[in-house]
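I hope they are handy to read with the structure open beside you.

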Amino acid sequence: MSTRDLSAIFKAYDVRGIVPDQLDEDVARRIGSAFAEWAAAPRIALGRECRLSSDDLAAAFTDGAPSRGVDVVDLGLTSTDLVYFASGSLSVPAAAITASHNPPNYNGLKFCLAGAAPVGEDSGLQEIRALAERDVYGPALSKGRQEHRDLLPEYVEHVLGFVDVNAMAPLSVVTDTANGMGGLVVPAVMERLPVTLVALFPELDGTFPNHPADPIDPKNQEDLKRAVIEHRADIGMAFDGDADRVFLVDEAADGVSGSLVTAMTSEVMLRREPGAAVVHNLICSWVVPEVILEHGGRPIRTRVGHSFIKAVMKETGAIFGGEHSGHYYFRENYRADSGLIAGVIALAELSRAGTKLSQLLRPYRRYFDSGEINTRVEDASAKIEEIAERFADGRQDRLDGLTVEYDHDWWFNVRPSNTEPLLRLNAEARTAELLEEKTAEVLAVIRGESQAERNETNGS
(Lines give C-alpha, C1' and ligand atoms only; values in the text may rest on other atoms or scores of the structure.)
Protein backbone atom coordinates (compact mmCIF):
# COMPACT_ATOMS: atom_id res chain seq x y z
CA MET A 1 0.00 0.00 0.00
CA SER A 2 1.19 3.54 -0.69
CA THR A 3 2.03 5.93 2.11
CA ARG A 4 -0.66 8.56 2.73
CA ASP A 5 -0.21 11.83 4.63
CA LEU A 6 -2.87 12.04 7.35
CA SER A 7 -1.46 15.02 9.26
CA ALA A 8 -4.43 17.24 8.32
CA ILE A 9 -6.99 15.07 10.12
CA PHE A 10 -5.06 13.85 13.18
CA LYS A 11 -5.72 16.54 15.79
CA ALA A 12 -4.60 16.88 19.42
CA TYR A 13 -7.37 14.68 20.83
CA ASP A 14 -8.99 12.88 17.89
CA VAL A 15 -9.30 12.46 14.14
CA ARG A 16 -11.51 14.90 12.26
CA GLY A 17 -11.89 15.90 8.62
CA ILE A 18 -14.12 16.59 5.64
CA VAL A 19 -15.68 13.55 3.96
CA PRO A 20 -14.58 12.34 1.45
CA ASP A 21 -11.86 14.90 0.67
CA GLN A 22 -9.83 14.25 3.83
CA LEU A 23 -11.51 11.22 5.39
CA ASP A 24 -12.73 8.43 3.12
CA GLU A 25 -13.22 4.67 3.37
CA ASP A 26 -9.57 3.92 2.59
CA VAL A 27 -8.48 6.20 5.45
CA ALA A 28 -11.04 4.62 7.79
CA ARG A 29 -9.78 1.13 6.90
CA ARG A 30 -6.19 2.23 7.49
CA ILE A 31 -7.12 3.71 10.85
CA GLY A 32 -9.05 0.58 11.84
CA SER A 33 -5.97 -1.57 11.11
CA ALA A 34 -3.66 0.89 12.86
CA PHE A 35 -5.77 1.21 16.01
CA ALA A 36 -6.15 -2.57 16.27
CA GLU A 37 -2.39 -3.07 15.82
CA TRP A 38 -1.45 -0.33 18.27
CA ALA A 39 -3.99 -1.26 20.98
CA ALA A 40 -2.77 -4.89 20.88
CA ALA A 41 -5.98 -6.24 22.42
CA PRO A 42 -7.96 -9.32 21.33
CA ARG A 43 -11.07 -7.22 20.67
CA ILE A 44 -12.12 -3.61 20.35
CA ALA A 45 -15.50 -1.87 20.43
CA LEU A 46 -16.80 0.50 17.75
CA GLY A 47 -19.74 2.89 17.90
CA ARG A 48 -20.90 5.51 15.44
CA GLU A 49 -23.08 8.59 15.31
CA CYS A 50 -25.78 9.28 12.76
CA ARG A 51 -23.88 11.34 10.16
CA LEU A 52 -24.61 10.17 6.62
CA SER A 53 -21.02 9.00 6.14
CA SER A 54 -20.82 7.03 9.40
CA ASP A 55 -22.10 3.67 8.12
CA ASP A 56 -19.58 3.49 5.29
CA LEU A 57 -16.71 4.62 7.51
CA ALA A 58 -17.70 2.09 10.18
CA ALA A 59 -17.80 -0.70 7.59
CA ALA A 60 -14.34 0.27 6.36
CA PHE A 61 -12.94 0.48 9.90
CA THR A 62 -14.40 -2.98 10.54
CA ASP A 63 -12.63 -4.27 7.44
CA GLY A 64 -9.34 -2.95 8.77
CA ALA A 65 -9.35 -4.06 12.40
CA PRO A 66 -10.10 -7.78 11.80
CA SER A 67 -7.25 -7.90 9.29
CA ARG A 68 -4.99 -7.61 12.32
CA GLY A 69 -6.64 -10.60 13.97
CA VAL A 70 -8.78 -8.43 16.28
CA ASP A 71 -12.47 -8.99 16.97
CA VAL A 72 -14.80 -5.98 16.67
CA VAL A 73 -17.74 -5.43 19.00
CA ASP A 74 -20.13 -3.37 16.87
CA LEU A 75 -22.15 -1.11 19.18
CA GLY A 76 -24.19 0.36 16.32
CA LEU A 77 -25.51 3.90 16.69
CA THR A 78 -24.25 5.35 19.96
CA SER A 79 -23.41 8.53 21.78
CA THR A 80 -19.72 8.98 22.54
CA ASP A 81 -20.24 8.55 26.27
CA LEU A 82 -21.96 5.21 25.56
CA VAL A 83 -18.77 4.16 23.74
CA TYR A 84 -16.77 5.13 26.83
CA PHE A 85 -19.19 3.10 28.94
CA ALA A 86 -18.66 0.12 26.64
CA SER A 87 -14.89 0.48 26.95
CA GLY A 88 -15.16 0.59 30.73
CA SER A 89 -17.76 -2.11 31.29
CA LEU A 90 -16.31 -4.54 28.73
CA SER A 91 -12.70 -3.58 29.50
CA VAL A 92 -11.80 -3.17 25.82
CA PRO A 93 -10.23 -0.43 23.71
CA ALA A 94 -12.88 1.46 21.75
CA ALA A 95 -13.41 3.92 18.93
CA ALA A 96 -16.30 6.26 18.21
CA ILE A 97 -16.97 7.47 14.67
CA THR A 98 -18.05 11.05 15.27
CA ALA A 99 -17.30 14.66 14.41
CA SER A 100 -19.11 15.94 17.51
CA HIS A 101 -20.40 19.48 16.81
CA ASN A 102 -18.82 19.93 13.35
CA PRO A 103 -20.93 20.51 10.20
CA PRO A 104 -22.56 17.53 8.43
CA ASN A 105 -19.79 17.13 5.85
CA TYR A 106 -17.27 16.31 8.59
CA ASN A 107 -16.65 13.04 10.37
CA GLY A 108 -13.91 11.61 12.55
CA LEU A 109 -12.89 9.19 15.28
CA LYS A 110 -12.27 9.33 19.01
CA PHE A 111 -10.28 6.57 20.70
CA CYS A 112 -9.75 5.13 24.16
CA LEU A 113 -7.98 2.17 25.68
CA ALA A 114 -9.63 -0.39 27.97
CA GLY A 115 -11.36 1.25 30.90
CA ALA A 116 -11.97 4.39 28.79
CA ALA A 117 -8.33 5.48 29.25
CA PRO A 118 -7.69 8.50 27.03
CA VAL A 119 -5.80 8.42 23.74
CA GLY A 120 -4.46 11.80 22.65
CA GLU A 121 -1.55 13.39 20.86
CA ASP A 122 0.87 12.47 23.64
CA SER A 123 -0.70 9.13 24.50
CA GLY A 124 -0.83 7.15 21.28
CA LEU A 125 -2.52 9.20 18.58
CA GLN A 126 0.71 9.97 16.76
CA GLU A 127 1.69 6.29 16.77
CA ILE A 128 -1.72 5.36 15.33
CA ARG A 129 -1.28 8.01 12.64
CA ALA A 130 2.17 6.68 11.69
CA LEU A 131 0.85 3.13 11.38
CA ALA A 132 -2.14 4.27 9.30
CA GLU A 133 0.03 6.34 6.98
CA ARG A 134 2.42 3.45 6.29
CA ASP A 135 -0.30 0.76 6.23
CA VAL A 136 2.19 -2.14 6.12
CA TYR A 137 1.98 -5.04 8.57
CA GLY A 138 3.17 -8.57 8.97
CA PRO A 139 0.69 -11.40 8.52
CA ALA A 140 -1.96 -11.89 11.21
CA LEU A 141 -2.44 -15.37 12.68
CA SER A 142 -6.17 -15.25 11.90
CA LYS A 143 -8.89 -12.85 10.82
CA GLY A 144 -10.92 -11.24 13.57
CA ARG A 145 -14.65 -11.63 13.89
CA GLN A 146 -17.48 -9.15 14.30
CA GLU A 147 -20.25 -9.27 16.89
CA HIS A 148 -23.11 -6.87 17.57
CA ARG A 149 -23.96 -5.63 21.07
CA ASP A 150 -26.74 -3.30 22.22
CA LEU A 151 -25.52 -1.78 25.48
CA LEU A 152 -28.19 0.95 25.73
CA PRO A 153 -30.14 -0.78 28.54
CA GLU A 154 -26.99 -1.26 30.64
CA TYR A 155 -25.90 2.28 29.91
CA VAL A 156 -29.25 3.69 31.07
CA GLU A 157 -28.93 1.80 34.38
CA HIS A 158 -25.39 3.12 34.76
CA VAL A 159 -26.48 6.75 34.28
CA LEU A 160 -29.38 6.38 36.71
CA GLY A 161 -26.99 4.93 39.28
CA PHE A 162 -25.62 8.45 39.89
CA VAL A 163 -28.87 9.63 41.51
CA ASP A 164 -31.62 8.39 43.83
CA VAL A 165 -34.47 8.13 41.34
CA ASN A 166 -37.04 7.51 44.08
CA ALA A 167 -36.16 10.81 45.76
CA MET A 168 -36.63 12.92 42.65
CA ALA A 169 -39.52 15.35 42.34
CA PRO A 170 -41.67 15.79 39.22
CA LEU A 171 -40.04 18.28 36.89
CA SER A 172 -40.73 19.74 33.46
CA VAL A 173 -37.72 19.32 31.17
CA VAL A 174 -37.01 20.49 27.63
CA THR A 175 -34.16 18.81 25.76
CA ASP A 176 -32.69 19.83 22.40
CA THR A 177 -30.62 17.03 20.92
CA ALA A 178 -30.29 18.78 17.52
CA ASN A 179 -31.03 15.58 15.54
CA GLY A 180 -27.84 14.09 17.00
CA MET A 181 -27.18 11.03 19.13
CA GLY A 182 -28.85 12.54 22.16
CA GLY A 183 -32.09 11.55 20.44
CA LEU A 184 -31.22 7.93 21.20
CA VAL A 185 -29.89 8.11 24.75
CA VAL A 186 -31.62 11.11 26.36
CA PRO A 187 -35.26 9.89 26.06
CA ALA A 188 -34.18 6.41 27.18
CA VAL A 189 -32.95 7.90 30.46
CA MET A 190 -35.67 10.52 30.92
CA GLU A 191 -38.49 7.99 30.59
CA ARG A 192 -37.21 6.38 33.79
CA LEU A 193 -37.46 9.66 35.72
CA PRO A 194 -40.52 11.53 37.05
CA VAL A 195 -40.24 14.23 34.40
CA THR A 196 -42.51 15.68 31.78
CA LEU A 197 -40.26 15.74 28.75
CA VAL A 198 -40.49 18.04 25.77
CA ALA A 199 -37.97 16.68 23.27
CA LEU A 200 -36.83 19.02 20.50
CA PHE A 201 -35.43 17.48 17.31
CA PRO A 202 -35.04 13.94 18.70
CA GLU A 203 -35.05 12.32 15.24
CA LEU A 204 -31.60 11.05 14.27
CA ASP A 205 -30.67 12.97 11.11
CA GLY A 206 -27.03 13.42 10.16
CA THR A 207 -27.82 16.44 8.01
CA PHE A 208 -28.79 18.35 11.20
CA PRO A 209 -31.67 20.09 9.42
CA ASN A 210 -32.89 22.31 12.28
CA HIS A 211 -29.69 23.91 13.54
CA PRO A 212 -26.04 22.92 14.03
CA ALA A 213 -25.42 20.43 16.85
CA ASP A 214 -23.10 22.90 18.57
CA PRO A 215 -24.76 24.25 21.72
CA ILE A 216 -21.77 26.27 22.89
CA ASP A 217 -22.89 28.85 20.28
CA PRO A 218 -25.78 30.80 21.85
CA LYS A 219 -27.55 30.99 18.48
CA ASN A 220 -28.05 27.24 18.61
CA GLN A 221 -29.81 27.50 21.99
CA GLU A 222 -32.56 29.80 20.73
CA ASP A 223 -35.08 27.01 20.01
CA LEU A 224 -34.46 25.54 23.45
CA LYS A 225 -34.91 28.87 25.19
CA ARG A 226 -38.19 29.57 23.39
CA ALA A 227 -39.50 26.12 24.32
CA VAL A 228 -38.53 26.55 27.98
CA ILE A 229 -40.62 29.71 28.16
CA GLU A 230 -43.49 28.27 26.10
CA HIS A 231 -43.79 25.13 28.22
CA ARG A 232 -42.93 26.86 31.51
CA ALA A 233 -40.26 24.26 32.04
CA ASP A 234 -38.03 23.94 35.07
CA ILE A 235 -34.89 23.40 33.03
CA GLY A 236 -33.60 23.10 29.47
CA MET A 237 -30.74 20.93 28.25
CA ALA A 238 -28.88 21.26 24.94
CA PHE A 239 -26.67 18.39 23.77
CA ASP A 240 -24.05 18.39 21.04
CA GLY A 241 -23.98 15.98 18.08
CA ASP A 242 -22.41 13.02 19.86
CA ALA A 243 -24.16 13.88 23.15
CA ASP A 244 -21.09 13.93 25.37
CA ARG A 245 -21.61 17.62 26.26
CA VAL A 246 -24.58 19.40 27.79
CA PHE A 247 -25.45 23.06 28.29
CA LEU A 248 -28.21 24.07 30.71
CA VAL A 249 -30.83 26.79 30.47
CA ASP A 250 -32.77 27.93 33.55
CA GLU A 251 -36.51 28.49 33.86
CA ALA A 252 -36.16 32.09 32.66
CA ALA A 253 -34.32 30.88 29.52
CA ASP A 254 -31.00 32.25 30.74
CA GLY A 255 -27.99 30.18 29.72
CA VAL A 256 -25.86 28.52 32.39
CA SER A 257 -22.11 28.47 31.82
CA GLY A 258 -20.06 25.32 32.07
CA SER A 259 -18.25 26.86 35.03
CA LEU A 260 -21.50 27.21 37.00
CA VAL A 261 -22.44 23.60 36.26
CA THR A 262 -18.94 22.54 37.31
CA ALA A 263 -19.26 24.47 40.59
CA MET A 264 -22.72 23.06 41.35
CA THR A 265 -21.73 19.50 40.49
CA SER A 266 -18.54 19.81 42.54
CA GLU A 267 -20.63 20.68 45.59
CA VAL A 268 -22.89 17.67 44.96
CA MET A 269 -19.99 15.27 44.57
CA LEU A 270 -18.20 16.61 47.64
CA ARG A 271 -21.28 15.88 49.74
CA ARG A 272 -20.86 12.28 48.69
CA GLU A 273 -17.13 12.17 49.38
CA PRO A 274 -15.95 14.96 51.70
CA GLY A 275 -12.37 16.01 51.18
CA ALA A 276 -12.13 14.56 47.67
CA ALA A 277 -10.06 16.08 44.90
CA VAL A 278 -11.93 17.86 42.10
CA VAL A 279 -10.28 18.77 38.80
CA HIS A 280 -11.07 21.88 36.75
CA ASN A 281 -9.37 23.33 33.71
CA LEU A 282 -7.69 26.69 33.82
CA ILE A 283 -10.37 28.61 31.91
CA CYS A 284 -13.05 27.74 34.46
CA SER A 285 -14.33 30.63 36.56
CA TRP A 286 -12.71 31.56 39.87
CA VAL A 287 -15.97 30.37 41.44
CA VAL A 288 -15.05 26.73 40.78
CA PRO A 289 -12.00 26.44 43.05
CA GLU A 290 -13.73 28.71 45.57
CA VAL A 291 -16.74 26.37 45.84
CA ILE A 292 -14.51 23.29 46.02
CA LEU A 293 -12.57 24.81 48.93
CA GLU A 294 -15.73 26.05 50.66
CA HIS A 295 -17.04 22.49 50.69
CA GLY A 296 -13.88 20.88 51.95
CA GLY A 297 -12.53 19.61 48.65
CA ARG A 298 -9.13 19.88 46.98
CA PRO A 299 -9.23 21.89 43.74
CA ILE A 300 -6.74 20.77 41.09
CA ARG A 301 -6.13 23.02 38.09
CA THR A 302 -5.26 21.45 34.73
CA ARG A 303 -4.71 22.21 31.09
CA VAL A 304 -7.69 22.29 28.73
CA GLY A 305 -8.56 18.97 27.09
CA HIS A 306 -10.03 15.60 27.99
CA SER A 307 -6.76 13.64 27.89
CA PHE A 308 -5.20 15.99 30.48
CA ILE A 309 -8.29 15.99 32.71
CA LYS A 310 -8.56 12.19 32.69
CA ALA A 311 -4.86 11.69 33.35
CA VAL A 312 -4.89 14.06 36.34
CA MET A 313 -8.06 12.43 37.69
CA LYS A 314 -6.31 9.07 37.57
CA GLU A 315 -3.18 10.42 39.27
CA THR A 316 -5.12 12.14 42.07
CA GLY A 317 -8.15 9.87 42.48
CA ALA A 318 -10.39 12.92 41.85
CA ILE A 319 -14.10 12.22 42.14
CA PHE A 320 -15.10 14.74 39.46
CA GLY A 321 -13.69 17.02 36.79
CA GLY A 322 -15.25 19.87 34.84
CA GLU A 323 -14.48 22.06 31.85
CA HIS A 324 -16.00 25.41 30.92
CA SER A 325 -16.78 23.90 27.50
CA GLY A 326 -19.52 21.61 28.89
CA HIS A 327 -17.50 18.42 29.45
CA TYR A 328 -18.04 16.79 32.85
CA TYR A 329 -15.98 13.81 34.03
CA PHE A 330 -16.89 11.33 36.76
CA ARG A 331 -14.59 8.87 38.50
CA GLU A 332 -17.38 6.30 38.64
CA ASN A 333 -17.86 6.75 34.90
CA TYR A 334 -14.36 5.45 34.22
CA ARG A 335 -13.17 9.07 34.53
CA ALA A 336 -14.89 9.73 31.19
CA ASP A 337 -17.13 12.67 30.34
CA SER A 338 -20.90 12.43 30.09
CA GLY A 339 -23.30 15.27 29.45
CA LEU A 340 -26.24 13.05 30.33
CA ILE A 341 -24.87 12.10 33.77
CA ALA A 342 -24.26 15.79 34.49
CA GLY A 343 -27.80 16.61 33.35
CA VAL A 344 -29.36 13.92 35.54
CA ILE A 345 -27.36 15.12 38.56
CA ALA A 346 -28.66 18.65 37.89
CA LEU A 347 -32.23 17.31 37.93
CA ALA A 348 -31.58 15.52 41.22
CA GLU A 349 -30.11 18.67 42.75
CA LEU A 350 -33.05 20.72 41.55
CA SER A 351 -35.37 18.17 43.18
CA ARG A 352 -33.41 18.24 46.44
CA ALA A 353 -33.35 22.03 46.65
CA GLY A 354 -37.04 22.43 45.85
CA THR A 355 -36.43 25.78 44.20
CA LYS A 356 -35.99 27.36 40.78
CA LEU A 357 -32.76 26.67 38.91
CA SER A 358 -31.96 30.38 38.83
CA GLN A 359 -32.20 30.49 42.62
CA LEU A 360 -30.13 27.34 42.98
CA LEU A 361 -27.37 28.87 40.85
CA ARG A 362 -27.41 32.34 42.42
CA PRO A 363 -24.62 31.59 44.96
CA TYR A 364 -22.32 30.64 42.10
CA ARG A 365 -22.90 33.77 40.00
CA ARG A 366 -20.00 35.78 41.41
CA TYR A 367 -18.12 36.99 38.33
CA PHE A 368 -18.54 38.06 34.72
CA ASP A 369 -16.85 36.21 31.87
CA SER A 370 -16.12 37.02 28.25
CA GLY A 371 -16.71 33.58 26.79
CA GLU A 372 -14.11 32.37 24.30
CA ILE A 373 -13.05 35.01 21.74
CA ASN A 374 -11.06 33.72 18.77
CA THR A 375 -8.76 35.94 16.71
CA ARG A 376 -6.76 34.94 13.64
CA VAL A 377 -3.05 35.69 14.12
CA GLU A 378 0.01 35.01 11.96
CA ASP A 379 2.32 33.86 14.77
CA ALA A 380 0.55 32.76 17.96
CA SER A 381 3.77 32.18 19.92
CA ALA A 382 5.12 35.64 19.15
CA LYS A 383 1.78 37.22 19.99
CA ILE A 384 1.66 35.44 23.36
CA GLU A 385 5.13 36.81 24.18
CA GLU A 386 3.98 40.31 23.25
CA ILE A 387 0.95 39.93 25.54
CA ALA A 388 3.15 38.60 28.36
CA GLU A 389 5.36 41.69 28.11
CA ARG A 390 2.39 44.07 27.98
CA PHE A 391 0.80 42.53 31.10
CA ALA A 392 4.03 41.78 32.97
CA ASP A 393 2.67 43.40 36.16
CA GLY A 394 0.20 40.52 36.65
CA ARG A 395 0.87 37.02 38.03
CA GLN A 396 1.67 34.80 35.05
CA ASP A 397 1.82 31.09 34.41
CA ARG A 398 2.34 28.95 31.30
CA LEU A 399 0.41 25.80 32.19
CA ASP A 400 -1.58 26.17 28.97
CA GLY A 401 -0.82 29.18 26.82
CA LEU A 402 -0.52 32.25 29.06
CA THR A 403 -2.65 33.02 32.11
CA VAL A 404 -2.39 36.41 33.82
CA GLU A 405 -4.14 37.23 37.13
CA TYR A 406 -4.61 40.52 38.94
CA ASP A 407 -5.32 39.86 42.61
CA HIS A 408 -9.04 39.17 42.79
CA ASP A 409 -10.08 41.75 40.22
CA TRP A 410 -9.67 40.03 36.84
CA TRP A 411 -7.75 37.40 34.89
CA PHE A 412 -7.34 36.21 31.34
CA ASN A 413 -5.93 33.27 29.43
CA VAL A 414 -4.71 33.18 25.83
CA ARG A 415 -4.08 29.83 24.13
CA PRO A 416 -3.22 28.94 20.55
CA SER A 417 -5.64 26.69 18.68
CA ASN A 418 -4.35 23.17 18.03
CA THR A 419 -5.75 23.14 14.49
CA GLU A 420 -6.06 26.72 13.17
CA PRO A 421 -4.03 29.97 13.20
CA LEU A 422 -6.18 31.32 16.01
CA LEU A 423 -5.54 32.71 19.46
CA ARG A 424 -8.27 31.95 21.99
CA LEU A 425 -8.99 34.51 24.71
CA ASN A 426 -10.98 33.88 27.89
CA ALA A 427 -11.32 36.63 30.50
CA GLU A 428 -13.18 37.11 33.78
CA ALA A 429 -13.68 40.05 36.15
CA ARG A 430 -15.53 41.10 39.29
CA THR A 431 -17.79 43.51 37.40
CA ALA A 432 -19.21 43.71 33.91
CA GLU A 433 -17.60 47.14 33.43
CA LEU A 434 -14.15 45.88 34.40
CA LEU A 435 -14.57 42.86 32.15
CA GLU A 436 -15.45 45.04 29.15
CA GLU A 437 -12.51 47.35 29.78
CA LYS A 438 -9.90 44.64 30.29
CA THR A 439 -11.12 42.39 27.49
CA ALA A 440 -10.77 45.34 25.13
CA GLU A 441 -7.22 45.95 26.38
CA VAL A 442 -6.12 42.37 25.73
CA LEU A 443 -7.87 42.24 22.36
CA ALA A 444 -6.13 45.44 21.31
CA VAL A 445 -2.75 43.76 21.84
CA ILE A 446 -3.90 40.59 20.06
CA ARG A 447 -5.19 42.60 17.08
CA GLY A 448 -2.31 45.08 17.05
CA GLU A 449 -4.56 48.08 17.59
CA SER A 450 -3.21 51.44 18.72
CA GLN A 451 -4.85 53.48 21.46
CA ALA A 452 -6.28 55.81 18.81
CA GLU A 453 -7.78 52.85 16.93
CA ARG A 454 -9.27 51.55 20.20
CA ASN A 455 -10.82 54.93 20.94
CA GLU A 456 -12.28 55.07 17.42
CA THR A 457 -13.67 51.51 17.79
CA ASN A 458 -15.25 52.47 21.12
CA GLY A 459 -16.71 55.67 19.67
CA SER A 460 -14.58 57.94 21.83
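1. Glutamate 405 has a relative accessible area of 21% and is partly exposed; buried here means under 20% relative accessible area, exposed over 50%, and partly exposed in between, with a 1.4 Å probe and protein chains only. Its partner is arginine 395, and their side chains meet in a salt bridge at 3.9 Å, N to O. A salt bridge is a side-chain nitrogen of Lys or Arg within 4 Å of a carboxyl oxygen of Asp or Glu. Arginine 395, with a relative accessible area of 47%, is partly exposed. Glutamate 405 sits in strand β21 (residues 402-406) and arginine 395 in strand β20 (residues 395-397), 10 residues apart. Helices (H or I, at least four residues) and strands (E, at least two) are DSSP runs, numbered from the N terminus.

2. A word on the source: this is a predicted model, in which local features need pLDDT of at least 70 and side-chain atom pairs count only at pLDDT 80 or more, while totals for chains, interfaces and linings use all residues. Residues are numbered from 1 along each chain as its sequence is written, and side-chain values use heavy atoms, with hydrogens and water left out.

3. Now for the chain as a whole. The protein chain has 15 helices and 23 strands. Its radius of gyration is 22 Å, close to the 23 Å that the globule rule gives for 460 residues, so the chain is as compact as a globular protein of that length. That radius is taken over C-alpha atoms, and the rule is 2.2 Å times the number of residues to the power 0.38. Along the principal axes, the C-alpha atoms fill a box of roughly 70 × 55 × 45 Å.

4. How much of the chain is buried? Of the 460 residues, 57% count as buried. The accessible surface comes to about 18,500 Å², and 48% of this belongs to carbon and sulfur atoms; the areas come from the Shrake-Rupley method with a 1.4 Å probe, and for residues only the protein chains shown count as cover. Among contacts (heavy atoms within 4.5 Å) between residues at least 6 apart in sequence, 69% join residues at least 24 apart.

5. Back to salt bridges: a search of the whole structure finds 39 of them. One of the pairs is lysine 110 with aspartate 242, whose closest N and O atoms are 2.9 Å apart. Lysine 110 lies in strand β5 (residues 106-113) and aspartate 242 in the loop between β10 (235-239) and β11 (246-249), so this pair ties together parts that are 132 residues apart in sequence. Lysine 110 and aspartate 242 are both buried.

6. Arginine 145 forms a salt bridge with aspartate 71, with 3.8 Å between the closest N and O atoms. Here arginine 145 is in the loop between α4 (121-134) and β7 (146-148), aspartate 71 is in strand β3 (residues 71-77), and the two are 74 residues apart. Arginine 145 counts as exposed at 62% relative accessibility, whereas aspartate 71 counts as partly exposed at 21%.

7. A network of salt bridges links Arg4, Asp24, Asp26, Arg29, Arg30 and Asp135. Aspartate 135 is placed in the loop between α4 and β7 and counts as buried at 7% relative accessibility. Its phi is near 55°, a positive value in a residue other than glycine.

8. Some further backbone spots to check. Most residues other than glycine have a negative phi, and most peptide bonds are trans. Arginine 335 has a positive phi near 60°; it is in the loop between β16 (328-330) and β17 (336-337) and is partly exposed, with a relative accessible area of 26%. The peptide bond from valine 19 to proline 20 is cis, with omega near 0°, and proline 20 is in the loop between β1 (15-18) and α1 (25-39).

9. Finally, which residues does phenylalanine 85 contact, leaving aside its neighbours within four places in sequence? They are Leu90, Leu151, Glu154, Tyr155, His158 and Tyr334. Phenylalanine 85 is found in helix α3 (residues 80-90) and counts as buried at 6% relative accessibility.
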